Amino acid sequence: MGQISPQSKKITEKFFPENEEILNTTPALLKKKGFTDYEELIAFLNNLVAKHPQKIQLSFIGESQKGKKIPMVRLTNPNSSEKIKVWMQGGLHGNESASTEGMLYLLDRLLNDESYTSLLNDIDLAIVPMANIDGYLKVDRYAANGLDLNRDQTKLMAPESVVLKQAYTNFNPEVGVDFHEYTPYRKDYATLSDFGVTALYDAMFLYSGNLNVPKNLRQITDTLFVENARKILDENKLKHHPYISTTKVNGETHFSHGSVSARSSATNYALTNAIATLIEVRGVGLGRTSFKRRINVTFLIAISYLKTASQNQQLVKLAIEKASQQKNDVVVTSVRAVYKDKVDFIDLDTNEIIALEVTLRDALKSKPDIVRKRPIAYLIDENQKEIIEKLKILGAEIEQLTEDTEITVETFQIDEYDRSSVTYEKMNQQTVTVKLTEEKKNFKKGTFKISMNQRRSNIILEVLEPEAPNSFVSFGVLETSKGALLPIYRILN
Ligand SMILES: [Zn+2]
C-alpha cells in the first residue's frame, strides 16, 4: 500500500515540511514545474561567468552520448593563498534532481552571498552540476546506453564515465563529494511493518569501508568531514543516517551499510587517496515535493565540506602524503560484517516513527578475505593498449622498459574460471581464482611498468588484481579463460 504512489500530504507536513528560506535563484526554482533543462543550465552558468569573471571559469569536459557538451566550472578567489582542491558533482543519476539544483544553488550563494564568498579564499573548487545530461533531461537514472554511471568507474564503458574520470584525474582533488538522491519508497519497504514503511532520513552519508583505502583517510572522512556535516544537519533539525540500502540475500531483505565497491564514486575517489563521500538526499520519485528542503540539505552539506576543507587544509594534505607512502598488504577481496540492528522508519499505517530490527551487511566493518603482499610494481605486456588507456584515465603514472630486461616476477595463471550467465551492467562478469608462481622472465623493451610508489596505487591494484570484484578481469576488460596466463605481473622486490 502506498509504495509507488506519491508521498502523502500528512507525511510531508509532519516529517518533511518545505523549506521557505531557500531563495528562487536557480532555473528550476524560478518555474513552477519540472527541473532545469540544458539551455537553462548553460544560460545560468554563463550569467555567473559574466558577473564574476575573476572568480569562475566555465569549460566543457566532453560530450554526452547524445552530443550535449558537459559543463564544469572552476571557482576560487584570485589571491596568492595556498588552496585545497575540492571536487563536487551532481546529477550522475539523472532522476536525482535536487543534486543538480543543489549544486546550482551552491554556485549562486558562493558568488553572490557575502556570508559564503570568503570560503573561496583558500579553496579551489571544481563542480560538474549535471554529470549525466542525457539521463537528467529524461529524469532517468541511466546514461543513454542504459549504463549506470555509478557502477562504471573502473571499467569505464560509457563515454561520460571516461570524460568525468579524466576531468577528476586532471583536477586531482584532495576532497571529492558526489551528490545523489535516494528512493524513500522502495518496493521492498512495502513488506516491512503491517502496511509498509518509508525512509525517515533527509540525508545518508556513504563513505568507504574499502580496506585498501588508507585507514587515516577513512578516519578523517568519518570523524571530521562527515561529523561536521552531521552537526550542521542536527542544528537544522534534519535527520541523517549512515547509508543503507536493501539487498536480497537468499530471498530475505537485508540492508547494505556503507560501501567497499571501487566501481562507485565514494570508494573510487577514496582509492585515489582523497577524502571522499557520496551524499544521498531523500528524494527519488518525489517530483517537486519538498524540493527546496532537498536543495537545502544538499547545500548545507556542501557548505560544511567546504568549511571543513578550508579549516583543515594542512591536516588533509599531510594525511594524503602519509597515506601515499603506505606499504601494507593488498586486500584483494573482503567480507562485510553481518549483524542485526535497529533502524528507524516511518510507518505508513500510523504515520509514526517505528524502529525495526533488520539484518545489516556492514561495509564499514569489513574483514579481509584474500590478502597478498603489496608489489613494488606491476608489469603489463605491451599489446594491452585498452588496459593501459583505462589506467591512464584513472590517473596511473606509467613507464615503459627502455630495453629488454630479465626480471623476477609473480605470474597469474587462471585456476578456476566462471562466466556469469546473467548480465550485470551489460556484461557477463568473469569470476576467477588464480595460481601465483614466482619466476624469472625476460620482458621486452616497451613493456609497461606501473610503480606502486604513487598516490593512486590503491585504485591501480583494485583493477589489476584479478579476483578483486571490480578488476579488469571481473568486468571483462581483460577476457581470459581457464588455464590462461594473464599479461599482468607483480614485482615483489
Ligand atoms: Zn544516485
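Predicted model: local features only at pLDDT ≥ 70, side-chain atom pairs only at ≥ 80, totals over all residues.
Colleague: What makes the chain as compact as a globular protein of its length?

Modeller: Start with what is in it: 12 helices and 21 strands. The radius of gyration is 23 Å, and the globule rule gives 23 Å for 493 residues, so the chain is as compact as a globular protein of that length. Along its principal axes, the C-alpha trace spans about 70 × 60 × 40 Å.

Colleague: Which share of the contacts joins residues at least 24 apart?

Modeller: Taking contacts between residues at least 6 apart in sequence, 78% join residues at least 24 apart.

Colleague: Why are E6 and E9 said to stand at the edges of their sheet?

Modeller: Look at the order of this open sheet of 5 strands: E6-E13-E14-E10-E9, with mixed pairing. E6 (197-199) and E9 (244-249) each have a single partner strand, so one side of each has no neighbour in the sheet. On average, neighbouring strands here are turned by 45° against each other, direction ignored.

Colleague: How do you know that E9 and E10 pair?

Modeller: Two strands pair if there are at least two bridges between them. E9 and E10 (residues 252-257) have 6, in the antiparallel sense, so they qualify. For one of those bridges, find Val-249: its partner in E10 is Glu-252.

How values were computed:
Residues numbered from 1 in each chain as written. Heavy atoms only, no water. Helix = DSSP H or I, 4+ residues; strand = E, 2+ residues; numbered from the N terminus. Axes fitted to C-alpha atoms, helices over the stretch in contact; angles between N-to-C directions. Rg over C-alpha atoms; globule rule 2.2 N^0.38 Å. Contact = heavy atoms within 4.5 Å.
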